[in-house]
Amino acid sequence: MGEKINDLGITYCLFTEDDFTDVATLYTHIWTNNVELPDDKLLCGSLSLAGSLLRSPLAYVAEKDGVVVGVCLGGLSPHGKQTIVESWRPRLEELIERGNKRVEETGNSTLEGALFGDLREHKLADDFIVNNPDNPYAQAELNLLMLEPALHGKGIGGKLVDGMVRLFKEAGAAGFFLTTDSASNWCFYEHRGMQRIQENPDPNDPGWASYLYGALLA
């Protein structure tokens, strides 16, 4: 942590609460193209981030010139019991209330999906953990990996994953998993040597499926 690498001047350090707005803003650059208003975009990013932080005792960021350009969040779930960071629950509950209010005000189903889609995806991960308490893949979860799009292909995403894998090993996890989908860059995880361990087609959308990828840790 606090390590500065390569000529891009990237520094990797532990996530702090002061990074929250930067990370939420980074989320808006990647996943809120279908949301119109800037305030709604930031609400989407903030709500998703708070939901991920609730289940992520391990968290660090990549910074360039003092601005967060990447983030990696990790969860631990030994024997099917998730480690919850309760300090994030009040903020998440407040953001959920704000999100529900905006959906009620606008009646916008696209906004509803952008606000709450990630929380619903957490349910898929929760089910995998609870139903597989002795599965080594279920002992840890890579909850969130984001990188500023302009910095893709420069090894920064790999460095973020490597750092989280190191933390998983230090915590004693025998393996880890993550959730993604057919519309995301799932090839990155296969390039990293991860295995697709579950595939869940959407019966309402033949072209879309959610995936679980996993890796065992030596």
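## An exposed loop residue

Asp65 is exposed, since its relative accessible area is 71%. Here, exposed means over 50% relative accessible area, buried means under 20%, and partly exposed is in between, using a 1.4 Å probe and protein chains only. This is a predicted model, where local features need pLDDT of at least 70 and side-chain atom pairs count only at pLDDT 80 or more, while totals for chains, interfaces and linings use all residues. Residues are numbered from 1 along each chain as its sequence is written, and side-chain values use heavy atoms, with hydrogens and water left out.

You'll find Asp65 in the loop between β3 and β4. Labels like these come from DSSP runs, numbered from the N terminus: helices are H or I with at least four residues, and strands are E with at least two. Asp65 has a positive phi of about 55°, even though it is not a glycine. Most residues other than glycine have a negative phi. His79, in the loop between β4 and α3, also has a positive phi of about 55° without being a glycine. His79 is exposed too, with a relative accessible area of 70%.

Start with α1, residues 20-31. Its twelve residues should span 16 Å at 1.5 Å a residue, and its end C-alpha atoms are 16 Å apart, so the two agree. (The expected span is 1.5 Å times one less than the number of residues.) The buried residues of α1 are Phe20, Val23, Ala24, Leu26, Tyr27 and Thr28. They pack against several elements, including α2 (38-54), α3 (89-106) and β5 (140-147).

Now for α4, which has 23 residues and reaches 31 Å from its first C-alpha to its last, close to the 33 Å expected. Where is α4 kinked? The kink is centred on Phe116 and is about 50°, the bend being the angle between axes fitted to the seven residues ending there and the seven starting there. Phe116 is also one of the buried residues of α4, as are Leu115 and Phe128. At the start of α4, a side-chain oxygen of Asn108 comes within 2.9 Å of the backbone nitrogen of Thr110.

## Charged pairs

The structure has twelve salt bridges, each a side-chain nitrogen of Lys or Arg within 4 Å of a carboxyl oxygen of Asp or Glu. In one of them, Asp40 pairs with Arg102, with the closest N and O atoms 2.8 Å apart. That pair links distant parts of the chain, as Asp40 is in α2 and Arg102 is in α3, 62 residues apart. Asp40 counts as buried because its relative accessibility is 8%. A network of salt bridges links Asp40, Arg102 and Glu105.

Arg55 meets Asp126 in a salt bridge (2.9 Å, N to O). Asp126 sits in α4 and Arg55 in the loop between α2 and β3, 71 residues apart. Arg55 also forms a salt bridge with Glu141, where the closest N and O atoms are 3.0 Å apart. Glu141 lies in strand β5, so this pair ties together parts 86 residues apart in sequence. Arg55 is buried at 8% relative accessibility, Glu141 is buried at 4%, and Asp126 is partly exposed at 23%.

(Lys and Arg count as positive, Asp and Glu as negative; His and the chain ends are not counted.) Leaving aside neighbours within four places in sequence, Asp181 is in contact (heavy atoms within 4.5 Å) with residues including Glu121, Trp186 and Tyr211.

Notes: A polar contact is a pair of N or O atoms within 3.5 Å; within protein, one must be able to donate a hydrogen and the other to accept it, and residues adjacent in sequence count only if both atoms are side-chain atoms.
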